[in-house]
Amino acid sequence: MRLSEIMSAAGLQIFAEIGLVLFVAIFAGVLVYTFTRKNRTTFDRARTAPLDDAPRALGDLSSHE
């Protein structure tokens, strides 16, 4: 008996199907979370965060200033 015959008889294809369903569900959840209007302000703030000149926290001073 070959290994491919043993693996096909083991019935392991259900794990691949479960993995696919989980992946699609998580991907759809991320898409919904990303494109929901109530999260727009959060993502806009994160998008411009590197350009903001907000005051630094204490102890976060660099030596080149």
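Colleague: Why does Phe23 count as exposed?

Modeller: This is a predicted model, and in it Phe23 has a relative accessibility of 57%. Exposed means over 50%, so Phe23 at 57% counts as exposed.

Colleague: And Phe27, what makes that residue partly exposed?

Modeller: The relative accessible area of Phe27 is 48%.

Colleague: How many aromatic pairs does a search of the whole structure find?

Modeller: The search finds two. In one of them, the ring centres of Phe23 and Phe27 are 6.1 Å apart, with the planes at 20°.

Colleague: Why is the pair of Phe23 and Phe27 called stacked?

Modeller: Two rings pair if their centres lie within 6.5 Å, and planes under 30 degrees apart count as stacked. Phe23 and Phe27 have 6.1 Å between centres and 20° between planes, so the pair is stacked. Both residues lie in helix α2 (residues 13–35), four residues apart, which is about one turn of the helix.

Colleague: What makes Tyr33 and Phe43 an edge-to-face pair?

Modeller: Their ring centres are 6.0 Å apart and there are 80° between the planes. Edge-to-face asks for over 60 degrees, so 80° puts Tyr33 and Phe43 in that class. This pair links distant parts of the chain, with Tyr33 in helix α2 and Phe43 in helix α3 (residues 40–47), ten residues apart.

Colleague: How do you know that Tyr33 is partly exposed, and what about Phe43?

Modeller: Tyr33 has a relative accessibility of 48% and Phe43 has 34%.

Colleague: What makes the contact between Arg47 and Asp44 a salt bridge?

Modeller: The distance from N to O is 3.4 Å. A salt bridge needs a Lys or Arg side-chain nitrogen within 4 Å of a carboxyl oxygen of Asp or Glu, so the contact of Arg47 with Asp44 at 3.4 Å qualifies. By this rule the count comes to one salt bridge. Arg47 and Asp44 are three residues apart in helix α3, so about one helical turn separates them.

Colleague: Why is Arg47 classed as exposed, while Asp44 is partly exposed?

Modeller: Arg47 has 60% relative accessibility and the limit for exposed is over 50%, so Arg47 counts as exposed. Asp44 has 33%, which falls between 20% and 50%, so Asp44 counts as partly exposed.

Colleague: Which residues make the nonpolar surface patch?

Modeller: Met1, Leu3, Ile6, Met7, Leu12, Ile14, Phe15, Ile18, Leu22, Ile26 and Val30 make a patch of about 1,200 Å². The elements giving two or more residues are α1 (3–9) and α2, and α2 gives the most, with six. Leu22, one of the patch residues, is found in helix α2.

Colleague: Where is confidence lowest and where is it highest?

Modeller: Confidence is lowest in α3, with a mean of 84, and highest in α2, at 94. For the protein, the mean pLDDT is 83, and 82% of its residues reach 70 or more.

Methods
Residues numbered from 1 in each chain as written. Heavy atoms only, no water. Buried < 20%, exposed > 50% of the residue type's maximum accessible area, 1.4 Å probe, protein only. Patch = residues over 30% accessible without salt bridge, like charges linked within 9 Å, V, L, I, M, F, W, Y side chains within 5 Å. Areas by Shrake-Rupley, 256 points an atom, 1.4 Å probe, with all protein chains shown as cover. pLDDT = per-residue confidence, 0-100.
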